[in-house]
Amino acid sequence: MTDTALPPATRTQALERLRRFLPHAGRDYAAQRNHDLPGHPHVSTLSPWLRHRLITEAEVLEAVLGRHSLQAAEKFVQEVYWRTYWKGWLELRPAIWGDYRAGLDRVLADGSLTDRLAQAEAGQTGIACFDAWMQELVATGYLHNHARMWAASIWIFTLRLPWEAGADLFLRHLLDGDPASNTLSWRWVAGLQTKGKHYLARPDNIAKYTGGRFQPTGLVTDAEPLRGPDAPKPRPAPRGDTPRPGLKTAILLTEEDLSPGFLLDALDGPPVAHAALLSVTGRSPRPVAPRVLDFTRAAITDARDRWSDRMGAAGPLTDDPGDILTWAKARGIEQLVTPYAPVGPAATALSRLDRALAAEGITLVRLLRPYDASAWPHATHGFFRFKEAIPALVAEL
């Protein structure tokens, strides 16, 4: 995924990428997945579409396990569940997102960092591999997972820049930018997520897995992990809401989940209308990359086009919760049903909307997808404990 053209933000494109990847999702992926090569031939590159659930995790897992055994596809299955685990982990500890945003505000207010941050973001550090990854990130909205870890490590331990600013850069530019996966992965590299365990990029590792494209020198390969407070104890996993029968109902989509079939199946009748709330600019106090905005808006439009015959009359696509309130009142909506949004900008926007709707006697129903309801309660500790639940979770698909 190195083409700088914006990829089609459609379910059709997601299904085509899945079809091409399926033969390689087993032992080929396990053997080659760490190689960061031009065109990214050894990974699925499905993450931008999965991020918005134009195609769901369950669909991808079912397709892969319909072709490969769980043992053969174990590494790929685990990668899908990593994203699920991170969402669940942050959902059980939402204060971590608030702490990250507060830390970012402090960093951005520190004028002494401005020039160094600008140099790193522009890929002008003189570290060839890092500069190339920064330029690829900005140009394409994508980076190989191994390159993300290397770049984060160099940012934190060699360039000695605040991890929050690096996480913000990624979240503003990645088409698959996800508050949980991005924030917690940067914390993991820094040594904050798993206390005492950090990730240091090694020149020999970079040379090996980039096919010799890069032979970096001058990287810090011996550093202490960053220190920070212990993570809060997990709260109970959310259960979501239940729609009430007999009410005039509309659907509200967000960029978090664009496969609304499970919502429609939970209703006692067809909705009268639908709208969409876009929250991408809430990813950062700084401007989000135009290609991220364009991809997300196109993804929502694709979902609305595909589901329009089941979701009722089309309402606004807006980034202002106030517009949704005005529309709902004008339509006489009694309950607005939306997929449960995990911690992040969409959840924040929905909370604002919920308060405004409640003041007008309108109920916001946040319906939890069964896939999340099954998996998130297992995200109480590290991934390796979560991993023990994967066979049972797969069996539920």
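**Entry 1**

I began with R160, which I found in the loop between helix 9 (145-158) and helix 10 (163-173); helices here are DSSP runs of H or I with at least four residues, strands are runs of E with at least two, and both are numbered from the N terminus. I note that this is a predicted model, in which local features need pLDDT of at least 70 and side-chain atom pairs count only at pLDDT 80 or more, while totals for chains, interfaces and linings use all residues. I also note that residues are numbered from 1 along each chain as its sequence is written, and that side-chain values use heavy atoms, with hydrogens and water left out.

Although R160 is not a glycine, its phi is positive, at about 55 degrees. Most residues other than glycine have a negative phi. R160 is exposed, with a relative accessible area of 58%; I take buried as under 20% relative accessible area, exposed as over 50% and partly exposed as in between, using a 1.4 Å probe and protein chains only.

I then looked up T45, a residue other than glycine whose phi is also positive, near 55 degrees. T45 sits in the loop between helix 2 (27-32) and helix 3 (47-51), and at 8% relative accessibility I count T45 as buried.

**Entry 2: the chain as a whole**

I listed 19 helices and five strands in the protein chain. Its radius of gyration is 21 Å, close to the 21 Å that the globule rule gives for 397 residues, so the chain is as compact as a globular protein of that length; the radius is taken over C-alpha atoms, and the rule is 2.2 Å times the number of residues to the power 0.38. Along the principal axes, the C-alpha atoms fill a box of roughly 65 × 50 × 40 Å. I noted that 56% of the 397 residues count as buried. Of the contacts with a separation of 6 or more, 76% are between residues 24 or more positions apart, where contact means heavy atoms within 4.5 Å.

**Entry 3: the sheet**

In what order do the five strands of the sheet lie? I read the order 3-2-1-4-5 in an open sheet with parallel pairing, two strands being paired if DSSP finds at least two bridges between them. Strand 3 (313-318) and strand 5 (363-367) are the edge strands, each pairing on one side only. From one strand to the next the twist averages 25 degrees, with axes fitted as lines to C-alpha atoms, for helices over the stretch in contact, and angles running from 0 to 180 degrees between N-to-C directions.

Helix 14 (residues 290-311) packs on this sheet, where I find it touching strand 1 (249-254), strand 2 (273-277) and strand 3, and its direction makes about 165 degrees with that of strand 3. Helix 16 (residues 345-359) lies across strand 1, strand 2, strand 4 and strand 5, and runs at about 150 degrees to strand 5.

I followed strand 4 (residues 335-339), which pairs with strand 5 in the parallel sense over five bridges. Q335 stands opposite T363, and T338 has R366 as its bridge partner. Four of the five residues of strand 5 are buried, so this strand is largely enclosed by the rest of the structure.

**Entry 4: helix 15**

Which residues of helix 15 (residues 321-331) are buried? I listed P321, I324, L325, W327 and A328. Seen down the helix axis, they fall within an arc of 170 degrees, so they line one face of helix 15; the arc is that of the directions from the axis to the C-beta atoms. T326 and A330, on the other side, are exposed. What covers the buried residues of helix 15 includes strand 1, strand 2, strand 3, strand 4 and helix 16.

At the start of helix 15, I see a side-chain oxygen of D320 reaching to within 2.8 Å of the backbone nitrogen of G322. Just after the helix, G332 takes a positive phi of about 70 degrees.

**Entry 5: two buried loop residues**

S279 belongs to the loop between strand 2 and helix 14 and is buried, at 7% relative accessible area. Not counting residues up to four places away in sequence, I find S279 touching E255, P345, A346 and A349.

R369 lies in the loop between strand 5 and helix 17 (370-375), and with a relative accessible area of 12% R369 is buried. Its side chain makes a polar contact with the side chain of D257 at 2.8 Å; such a contact is a pair of N or O atoms within 3.5 Å, where, within protein, one must be able to donate a hydrogen and the other to accept it, and residues adjacent in sequence count only if both atoms are side-chain atoms. Leaving out residues up to four places away in sequence, I also noted that R369 touches R53, T56, D257, S259 and F262.
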